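Let's take a friendly walk through one protein model. Have a look at the sequence and the 3D view, and then read on.

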Amino acid sequence: MPSVTATPGVKREEREQQIPLFNVVLLDDDEHTYDYVVEMLQKLFALSDADAWNHAVEVDSTGRTIVMTCELAQAEFGRDQIHAFGADWRMPQSKGSMSAVVEPCA
């Protein structure tokens, strides 16, 4: 296990503020149902029914929703999980997973 080295004179909160954060942004399309979005977000990000539903409504109404904010490696992993989730079996025209992007947190 790697050791954690403290930076002399820098408090933990300050170190955490120095780490850049990124958003995993789910993008809307017309090839996935609300049920698919809810199911995917619950399985991949352990969201509650209500939180997953709210994200489904937001992505449908605004075209995008931030599903996670974290460090870059975790954000890229979250995006890749969305891309690998697969098609929505409820819709014959669904050819694959939803799209997501990683963006720097403002």
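## Terms to start with

A residue is called buried when its relative accessible area is under 20%, exposed when it is over 50%, and partly exposed in between (1.4 Å probe, protein chains only). Helices (H or I, at least four residues) and strands (E, at least two) are DSSP runs, numbered from the N terminus.

This is a predicted model, where local features need pLDDT of at least 70, side-chain atom pairs count only at pLDDT 80 or more, and totals for chains, interfaces and linings use all residues. Residues are numbered from 1 along each chain as its sequence is written, and side-chain values use heavy atoms, leaving out hydrogens and water.

Which residues of helix 3 are buried? They are Ala-52, His-55, Ala-56 and Val-59. Seen down the axis of helix 3, these buried residues fall within an arc of 100 degrees (taken from the directions from the helix axis to the C-beta atoms), so they line one face of the helix. On the other side, Ser-61 and Thr-62 are exposed.

Strand 1 (22-27), helix 2 (34-45) and strand 2 (64-70) are among what covers the buried residues of helix 3. Just after helix 3, Gly-63 has a positive phi of about 95 degrees.

## A look at Val-67

Contact means heavy atoms within 4.5 Å. Leaving aside residues up to four places away in sequence, Val-67 touches Val-24, Leu-26, Leu-41, Phe-45, His-55 and Ile-82. His-55 is also one of the buried residues of helix 3.
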